[in-house]
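Please look over the sequence and the structure before reading on.

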Amino acid sequence: MKMISYGRQSITEEDISAVTNVLKSDYLTQGPKVSEFENAICAQTGAKYCVAVANGTAALHIAVAVLNIDKGFEGITTSITFVASANCMRYNGLVPRFADINDKTYNIDPSSISERINDKTRLLIPVHFAGQPADMVTISELAQQKGLYVIEDAAHAIGSQYADGSYVGNCKYSDMTTFSFHPVKTITTGEGGAITTNSKELYGKLLLLRNHGITKDENILTSNPGPWYYEMHELGFNYRMAEMQAALGISQLSRLSEFKKRRREIVSFYNAAFAAIQWLATPWEAQDISSCFHLYVVKINFEEIKRSRKQVMEYLFSKNVGTQVHYIPVTSFPYYQKFKVDACPQADRYYEQCLSIPLFPAMTDAEMMHVVEAINSLAL
Ligand SMILES: *Cc1c(COP(=O)(O)O)cnc(C)c1O
């Protein structure tokens, strides 16, 4: 059996011809495919507006930027996330604070958010960890009470549904939602990202920042002497997505429900196979939530099986089962140690035990069973 990685893309002949068709067309960038992809994301999520960008980190960067929060104010995110969820605040001069996690969902804990809120707090960035939406009802209520902005980092969660059945990205609980289309994520454009919002004003600002702060929009121009003319209104970036990427995204998005079905099938299979193992905890899905599982994270009691995580990873690797740790607490990194970081005991405890095992739609039944056998053999 060949190496089974913890996650990987699924590319079909249709995906490939979508990309090669663009290569034969007139536009490789700034053509029709990007807005077609944006419209498809609006249709999938239910949001009014979408801006596709170069990657998920760029999406977070400009989502924070368009809120125009003065430097020195604070934002709160989770310690168990990829560093980009916090870095986007630093790009904009904000001070990140880290809240602890809920020990069942591994998502940011609203009561820990409350403890971190003070006069300087302006922004909350919950992350829908492993695909399961954070407790957005409580978080949005908290934000409303305290007058805070909310950006959902949904890099893991395209296709996931909140408890009310609506889709992540519809922004009913937030100002903006960001996505990533890196190859390990649920759908891919190679590199890519997007922001959804229901605010026309934020949408306009996002469009400006994606493209150097430059506009040709007659409603914004201060004068319009001729067809060559444009104006720069903000200090923006080149965060555009290319046409080939957008074409791949459209093709991938059309397979999202198929991806979700297969991901959930594998999760059910694993859950049943591991249910009786005392030294391993399977993921917990909250009532009425429908997660488009991005990761399958198990918690292993390494003391009980008398093997360290390093030994377990090496052993599984020798059986061609790839694993990964999601995530090293952001608070532990030397860069963030320079800031006042609050203790996150649940996050630290989770980090001691977590391990992501293979989950991706192209996994075969034989691969799935092989992973289960390899895990079972850990305690033999
Ligand atoms: C992947 C990821 C990002 C960044 O996305 P890129 O497209 O890799 O820049 C941000 N937040 C989380 C939680 C992620 O997993």
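The side chains of Ser 356 and His 326 make a polar contact at 2.7 Å. This distance, like every other value in the report, comes from a predicted model. Ser 356 belongs to strand β12, which covers residues 354-357. Its relative accessible area is 1%, and because buried means under 20%, Ser 356 counts as buried. Apart from neighbours within four places in sequence, Ser 356 is in contact with Tyr 6, Leu 295, Tyr 296, Val 297, Gly 322, Thr 323, Gln 324 and His 326.

Ala 43 has a relative accessible area of 67%; exposed means over 50%, so Ala 43 is exposed. Along the chain, Ala 43 and Lys 120 are 77 residues apart, and their C-alpha atoms are separated by 36 Å.

**Domains and cores**

The domain assignment divides the protein chain into domain 1 (13-99 + 108-253) and domain 2 (256-379). Between the C-alpha centres of domain 1 and domain 2 there is a distance of 27 Å. Their contact takes 33 residues from domain 1 and 34 residues from domain 2.

The largest nonpolar core contains 48 residues. Tyr 270, Phe 274 and Ile 375 have the most contacts inside this core. Two or more residues each are given to it by α9 (256-274), β11 (296-300), α10 (309-318), α12 (345-353), β12 and α13 (365-376). The element that gives the most is α13, with 5 residues. Both domain 1 and domain 2 supply at least three residues to this core.

What is Ile 375 in contact with, leaving aside its neighbours within four places in sequence? Its contacts are Phe 274, Trp 279, Leu 280, Leu 316 and Ile 357. There is also a second, separate core of 35 residues, which includes Ala 52, Ile 76, Ala 134 and Leu 142.

**Helix α10**

Which residues of α10 are buried? They are Arg 309, Val 312, Tyr 315 and Leu 316. Seen down the helix axis, the buried residues of α10 fall within an arc of 125 degrees, so they line one face of the helix. These buried residues pack against α12, β12 and α13. On the other side of α10, the residues Lys 310, Phe 317 and Ser 318 are exposed.

**Around the ligand**

There are 16 residues around the ligand, and those that come nearest are Gly 56, Thr 57, Asp 153, Ser 180 and Lys 185.

| Residue | Ligand atom | Distance |
|---|---|---|
| Asp 153 | nitrogen | 2.8 Å |
| His 156 | oxygen | 2.9 Å |
| Ser 180 | oxygen | 2.7 Å |

For Asp 153, the ligand atom is a nitrogen atom, 2.8 Å from an N or O atom in the side chain. For Ser 180, the ligand atom is an oxygen atom, at 2.7 Å from an N or O atom in the side chain. His 156 likewise has a polar side-chain atom 2.9 Å from an oxygen atom of the ligand.

Note on methods:
Residues are numbered from 1 along each chain as its sequence is written. This is a predicted model: local features need pLDDT of at least 70, side-chain atom pairs count only at pLDDT 80 or more; totals for chains, interfaces and linings use all residues. Side-chain values use heavy atoms; hydrogens and water are left out. Helices (H or I, at least four residues) and strands (E, at least two) are DSSP runs, numbered from the N terminus. Buried means under 20% relative accessible area, exposed over 50%, partly exposed in between (1.4 Å probe, protein chains only). A polar contact is a pair of N or O atoms within 3.5 Å; within protein, one must be able to donate a hydrogen and the other to accept it, and residues adjacent in sequence count only if both atoms are side-chain atoms. Contact means heavy atoms within 4.5 Å. A nonpolar core is a set of buried Ala, Val, Leu, Ile, Met, Phe, Trp, Tyr and Cys residues joined through side-chain atoms within 4.5 Å. Domain bounds come from an automatic or database domain assignment. The arc is that of the directions from the helix axis to the C-beta atoms. A residue is near a molecule or strand if one of its heavy atoms lies within 4 Å of it.
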